[in-house]
Amino acid sequence: MRHALALLAPLLGLGLGLSLSRLAVGATDCKSLGPAEPLTFTPAARARWLAPRVRAPGLLDSLYGTVHRFLSVVQLNPFPSGGAVRGGLRGVRRGRRPLPAADAHCRALLLLLPLPPALRGASEDRAQGAGLIGVVCALVTNQRTHEQMGPSVEAVPETLLSLRGLVSDVPQELQAVAQQFSLPQERVSEELDGVGVSIGSAVHTQLRSAVYPLLAAVGSLGQALQVSMHHLQALNATVVELQAGQQDLESALQEQRDRLLQLLQEAGCQGDCAGALSRAHALELGADFSQVPSVDHVLHRLKGVPEANFSSMVQEENSTFNALPTLAAMQTSSVVQELKKAVAQQPEGLRTLAEGFPGSEAASRWAQALQEVEESSRPYLQEVQRYETYRWIVGCVLCSVVLLVALCNLLGLNLGIWGLSAREDPSQPEAKGEAGAHFLMAGVGLSFLFAAPLILLVFATFLVGGNVQTLVCQSWESGELFEFADTPGNLPPSMNPSHLLGLRKNISIHQAYRQCKEGAALWTVLQLNDSYNLEEHLDISQYTNKLWQELQSLKVDTQSLDLLSSAARRDLEALQSSGLQRVHYPDFLVQIQRPVVKTSTEQLAQELEGLAQAQGNSVLGQQLQEEAHGLRNLHQEKVVPQQSLVAKLNLSVRALESSAPNLQLETSDVLANVTYLKGELPAWATRILRNVSECFLAREMGYFSQYVAWVREEVTQHIATCQPLSGALDNSRVILCDMVADPWNAFWFCLAWCTFFLIPSIIFAVKTSKYFRPIRKRLSSTSSEETQLFHIPRVTSLKL
């Protein structure tokens, strides 16, 4: 092979030799194909963002704060750090802080309340006014509780639906991620349609630096062969003609010489007859073409050459070589179809991406459970709303009773004071005073009648709302509830999230909540690196290996590229073995350089004409004149044609002498290079095909790599963001604590406030009502003594 490459340089130049050397050892770069184009994937993660619920700030916020502080005083036990939930509301211990004042706004209403001036009625008016303010606050909080209960109850199914979507969407999102493997599949399938043309173009591009110069050399050699054959045939024909003309010329010269010698040797010849005689002796052949080598054996070996039309053959071979991309596409079509079938398959890891995800089995159970909870909770929620309506009605009724008591007390107090101011005689009955006393006693009767329901309602609502606030809301807001759940042993194994999800590592609920609140994905929150081998599912090496194996079966047949037809090869082989370069062309040149006749026939004829005129003997002069004329005819008829043939022979001989050695060498080189290139083309095409296949596979793997990187990012950072979980927990806390528990607790707090003021109201009403009646006879001494225990000086007259 090295010998063949070395022989190419003299013929085709250094460029072709270097091209073939590079083809023999070099590898194809991938610049022609270029890198994979970027793919655009559709985000599989659904936009799940649970809108946070926030209680709008209002006038009751300070009242809620007062209730919170009251409950923090009542509940002295800390939230349990382990074991069962214990501790409830404890009563206020003696010696503790006094009960905080009522709501600032309610106190403002109290200060704005017009109180009738009286000596002792002013303090009772103050008490009744405070109770009235409490009633108003109780009515407001009762209504607020009722208003918040409806939206809060309706938010429960919404929250459950959001959680169900979070759980049930994870397998669907993973399935959507796996389905988008079709994007690189479709792109690879599209590019497979042009892989045959790409391979053929690569083969054509890398072989043209060797094929084009070689075909050009074959064409040039064919032209040189035709020219050489023309000169060789002309040489042979000219020699034959020269030899035939030489014989005729030789006999004519002999006759002419004999006659001239006889005439010029006569005694009566006058003038320079001796000089003419010496020139007449030279009338003989100068060149003897019978002495030149014969080329018959060369012509015999080159019989029928050129058999091939080198020009059309080279054009046809160029067309065949330029059609390599199309031919390669046709030859690889069946393999491309098999490759498309292999590409259309989905790797096993991607098919099981959703199935192998931790908690995927539990996800369906959770989704089903959440759906059942949602469906089953609706009747209970309706019942809650119904019982809330009953509670609201009872609250309204009892608040109305307390309001009625307060109004009776205020009205009785004001009427009684008015009656006292208008009474002249304390013993005389007075209608306004009597009416005031009746109103006061009516308030007392209502107080005794509804005291028990009031106390029961306050106790029931206090027991529920207070424990919810102290045990749930406070610990929820402070994070103690999460810490309790994270403490081992507090939750049964069946409620352990790690156990439920099949995780190998325990997770902190509190930390998971914080991460979910920041919008983290389940991958980060659940620390799935330890439980789920994502890279195993994204391993597509078996898939790509199968594609590579299919690519290995791609083949490009270059046998249709002959480079040299059989006829042209026979022509060149005949030329190579013809011995054209072994013909001794100097022998031809020796004869060519000699004159056809040793002396010039024209000069001799001219000299004879001069001698003829100088002769005194007219007969001799006439004979010399005839000989001169004969020489001229001989020159024109015999010598000139011979000279023309010699010139023609000289042209052919010199052309063959200069071209024959190089032509033989070029013929040997071309045959050797054609044989070498023809033999190496399949191997080179195979190497180029392998390199192009590797570049093509690397480009197509770029599409799959983009998909794998996108899946890795999508699964670990975007899919199944658990913000709805933290949002649901936050919304649940807002619903339970801010929207329900706060007005609920404010309601019983205000109602308890009213109930607390009923006690002094009863005492004052009983003691005050008798002062609004006329003076009766004294009771018995016993009664008087008993009365003296609670004696209050009677006002006999009151001047306003």
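Q: Let's start with a cysteine: is Cys269 buried or exposed?
A: Cys269 is buried, with a relative accessibility of 14%. Keep in mind that this is a predicted model.

Q: Which residue does a disulfide join to Cys269?
A: That's Cys273, with 1.7 Å from S to S. Cys273 counts as buried as well, at 6% relative accessibility.

Q: And what is the handedness of the link between Cys269 and Cys273?
A: Left-handed, because the torsion about the S-S bond is about -80 degrees.

Q: How many disulfides does the structure hold?
A: Two. Besides the Cys269 to Cys273 link, there's a disulfide that joins Cys473 to Cys737, with an S to S distance of 2.0 Å.

Q: Where do Cys473 and Cys737 sit in the chain?
A: In distant parts of it: Cys473 is in helix H15, residues 431-478, while Cys737 is in helix H26, residues 723-769. The two are 264 residues apart.

Q: Are those two buried or exposed, Cys473 and Cys737?
A: Both are buried. Their link is left-handed, with -95 degrees about the S-S bond.

Q: OK, changing topic. How many salt bridges does a search of the whole structure find?
A: It finds 16. One of them is between the side chains of Arg187 and Glu37, at 3.1 Å from N to O.

Q: Where are Arg187 and Glu37, and what does the pair tie together?
A: Arg187 lies in helix H6, residues 182-192, and Glu37 is in the loop between helix H2 (14-25) and helix H3 (61-74). So the pair ties together parts that are 150 residues apart in sequence.

Q: How much accessible area do they have, starting with Arg187?
A: Arg187 is partly exposed, with a relative accessible area of 22%. Glu37 is partly exposed too, with 42%.

Q: Which residue does Glu284 meet in a salt bridge?
A: Lys598, with the side chains 2.5 Å apart from N to O. Glu284 lies in the loop between helix H8 (273-281) and helix H9 (296-301), and Lys598 in the loop between helix H23 (585-593) and helix H24 (601-614), so this pair ties together parts 314 residues apart in sequence. Glu284 is partly exposed, with a relative accessible area of 31%.

Q: And Asp562, what does its side chain meet?
A: The side chain of Lys678, in a salt bridge of 3.5 Å, N to O. Asp562 lies in the loop between helix H21 (541-552) and helix H22 (566-577), whereas Lys678 is in helix H25, residues 618-718, so the parts tied together are 116 residues apart in sequence. Asp562 is partly exposed at 37% relative accessible area, and Lys678 is partly exposed at 22%.

Q: Which residues do salt bridges that share partners join into one network?
A: Glu37, Arg187, Glu191, Arg699 and Glu700.

Q: Now the surface. Which residues form a nonpolar patch there?
A: Tyr387, Tyr390, Ile393 and Val397, with about 390 Å² of accessible area together.

Q: Which helix is Ile393 found in?
A: Helix H14, residues 360-422. Ile393 counts as partly exposed, with a relative accessibility of 40%.

Q: Last topic, confidence. What pLDDT does the chain average?
A: It averages 77, and 80% of the residues score at least 70.

Q: Where does pLDDT stay under 50?
A: Over residues 1-28, for which the model has 48 contacts beyond four places in sequence. The pLDDT is also below 50 over residues 777-800, a stretch with 17 contacts in the model beyond near neighbours in sequence.

Methods: Residues are numbered from 1 along each chain as its sequence is written. Side-chain values use heavy atoms; hydrogens and water are left out. pLDDT is the predictor's confidence in each residue, from 0 to 100. Contact means heavy atoms within 4.5 Å. Patches are made of residues with over 30% relative accessible area and no salt bridge: like charges are joined within 9 Å, nonpolar side chains (Val, Leu, Ile, Met, Phe, Trp, Tyr) within 5 Å. Accessible areas come from the Shrake-Rupley method with a 1.4 Å probe; for residues, only the protein chains shown count as cover. A salt bridge is a side-chain nitrogen of Lys or Arg within 4 Å of a carboxyl oxygen of Asp or Glu. Helices (H or I, at least four residues) and strands (E, at least two) are DSSP runs, numbered from the N terminus. Buried means under 20% relative accessible area, exposed over 50%, partly exposed in between (1.4 Å probe, protein chains only). A disulfide is a pair of cysteine sulfur atoms within 2.5 Å.
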